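Biologist: I would like a close look at one part of this protein. Please show me the model before we start.

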Amino acid sequence: MTTDDLAALVKSLDLPAKVRLLTGASAFTLADAPAIGLGELRFSDGPTGVRGLKFAGGRVVSLFPNATLLASTWDERVLREVGALLAEEAMAQRIHVVLGPTINLHRTALGGRLFEAYSEDPLLTGRLAAAYVRGMQDLGVAACLKHLVANESETERNTVDSVVDEATLRELYLLPFEIAVEEANAWSMMAAYNDVNGVAATEQQHVINEIVKGEWGYDGLVMSDWFATKTAAAAANGGLDLVMPGPDGPWGDALVRAVRDGGVDEPVVDDHLTRLLLLARRVGALGAGRSWPSSFPDPDSPVRREQLTRLAASGMTVLRNEGDVLPLARDASVALIGRHAVETIGMGGGSAQVNPPYQVSVAAGLTSALGSAVTVVDGVDVRTRPVPARDGFLVDPVTGQAGIRVTLYDAAGAVLEERFCPRSSTMVGMDDDFAGPVASARLSGVIASASGLVELGPMGVGDWTVTVDGSPALDYSLRASGHGFGEEVLTPPLRTDRFRVSPGASFTATVTLAAPMGLFGLIAHPAARPTVDVIDEAVRAAAAADVAVVVVGLTEEQETESADKSTLALPGAQDALVEAVAGAARRTVVVVNAATPVLMPWLSRVDAVLWAGLPGQEGGHAVAAALLGDIEPAGRLVTTFPAADGAAPAWSVTPVDGKLPYTERTFIGYRGHFAGRAPAPAFWLGHGLGYGKWEYSDVRLVTGDAPAITATVRNVGSRPSREVVQVYLRPVEPDEPVRLVGWTAVRVAPGESARVVVPTDARLWRRWDPAGSSWGRLADGGSFLVARGLGDIRATVS
Ligand code: BGC
């Protein structure tokens, strides 16, 4: 079908029929139009798992390692494989469009959604994103680059105005989008919630029409982020093609009227629909339709287990390794300590969440590798906000499976549906297909085996009655605070109380809904023990073992959509726990289970640090494989770790009078640290020791259109290892930051050498000239730094 054929299909529809197709039909589907051969298009979130059509409690799918962990491989083949695997996960559910990758940059380490995005560096982000898109689209599933643009933090996310000068926008924040369009032609993009320089991202004539569709010649579809579209005419004229979700929204009749009143030209509508039909054609939803392959690996199949373990472990990053304490000796006795050891966090919060078949904790993973040599000790509390019951603490009263039972009622009290919820929570009102709204719900679980003091309570907006076995019923209301868009869905209000229970106690909460949509659940966990007791137990275990492994980290309270962090400090008393263990243990290894930078005040007192990201469903097996060296944790950091709160070139995420000025311009992360705009960081982007040791020699510049650097790298360690040779350009212009211009990875056996060629990327030589509104070029005469992160420069070539 040619472009003319698509235009003819568009012309065959009247205006209301065209406009109807330009708003979603439901939360994650588009309307079909049999008259023109258009089938239903199905979307799913998917940076690190294809959740399906339901926001929560949907189908069981594979949970991949998070984006920063995948990106830490610095390996386009890995991201290509991930794109292909996600396409398989999508095809298994007949999903046509996967809403990823997230390619906003790590402007400040406080950004809540950094875990979903690859890096602070635009070249690394763009190239890895392009690889992911190729892997996915080669199988006929569309990727969606998000969120266009300048969407680097979550505070006031639906209204914040990111104030970014044109050069910074083009050289930094648009560059990953440009690369992923140029190299992989991503078939869709998502316009962000925020404003950019006073104009909503969904109405960005300048960004969408002039730059993306105009200068880059982009022929794909631009959809809005969910509920982000505010207007009809301005958004349609600004280049937005599709409003999501539906069926309601600001277009519909208003857009029809705007066309009839002359506010929007009909060819503008036609162009939006042509792009939608082109997307449909690309994914096989137009015309004859596609035949979907019928069999794919299950999320818990051996093949997925192998893939997910390997992908996670190979991105893990050795930040410190004094005396080569890592890899761990197999005959060592290990005290494995920490809440993150027993409740390893496999994913961040918000729309990137999926419903995985299982999540392997580090405790389970290391115990399965080393058996009784491992003593597991729970750690200090790491959350301020309790979460719905996990790990079988509650079971379904009907089936006895880990989870809860939820019954939904309409206003007349008739049962609409009874569901089993394995994650002890459920979404109501977002993607239900009942005839009328849900008015009330009953949530129930049985306390499986715990006894003594426990904390129990409900989560969700409404008026609650809570009953726990024989205790008197508690009645109270929970309401959203009003801060934060989408709070009832992402961070609903909750309350817990302490009860003394015996195994088999029943826990029931009924709620009359006070909002049309929201997440509801039951919280249940043992009441916290005093911190001194927890630390004392850890110290005794550490002193008795050959090596203590402490697993610390963040949870989806920090690594989440819809909220930013206020500090990089580890939550709770985790630092005190590490200090105490390090004081008692013969050797101390810290595993950091977090996607983004954390502060490590104890760094000099521990022997080794392994950064493990949010490693997905196979997390515990992957950490064990990395600690033992079965898979080399060959990662290199994708973002710079500041040494203290505030000690970074860009920090605050709090808008002032609604505006968030990007005053650091292109000097984010390592670029700003290197220019002396912030104190030396704890770890630079690109840092990572792996299990090899490297000597560099014979570093040369090969000039030409695109200069390249060649170098010989020799593995002088005792294990095979993968080295990532990084090349940075330091321009002569004092107002231009140092920047990554290329990298090449090579695997080398111990004692062997390899000659490596690192092509540099010409897009990093460009310099936007605001006066001429055009690209210029950096002056010749800068120097290339060949480095293992800018804290370890091995050669400088002029
Ligand atoms: C997020 C998007 C996501 C969408 C659909 C929004 O809240 O910002 O990244 O794709 O929800 O779940």
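Biologist: Is Cys 144 buried or exposed, and why?

Modeller: Cys 144 counts as buried because its relative accessibility is 0%. Buried means under 20% relative accessible area, exposed over 50% and partly exposed in between, with a 1.4 Å probe and protein chains only. Cys 421 is buried too, at 3%. The disulfide count is 0, a disulfide being a pair of cysteine sulfur atoms within 2.5 Å.

A word on the source. This is a predicted model, with residues numbered from 1 along each chain as its sequence is written. Local features need pLDDT of at least 70, side-chain atom pairs count only at pLDDT 80 or more, totals for chains, interfaces and linings use all residues, and side-chain values use heavy atoms, without hydrogens and water. pLDDT is the predictor's confidence in each residue, from 0 to 100. The protein averages 96, and 100% of the residues score at least 70.

Now Gln 137. Gln 137 sits in helix 5, residues 122-137; a helix is a DSSP run of H or I, at least four residues, numbered from the N terminus. Gln 137 counts as buried, because its relative accessibility is 8%. Its contacts (heavy atoms within 4.5 Å) include Ala 143 and Trp 187, leaving aside residues up to four places away in sequence. Asn 185 is another of these contacts. The side chain of Gln 137 reaches the backbone oxygen of Asn 185 at 3.1 Å.

Last, the ligand. A polar side-chain atom of Lys 146 lies 2.9 Å from a ligand oxygen. For the side chain of His 147, an N or O atom is 2.7 Å from a ligand oxygen.

Terms used
Helix = DSSP H or I, 4+ residues; strand = E, 2+ residues; numbered from the N terminus. Polar contact = N/O pair within 3.5 Å; in protein donor to acceptor, adjacent residues only side chain to side chain.
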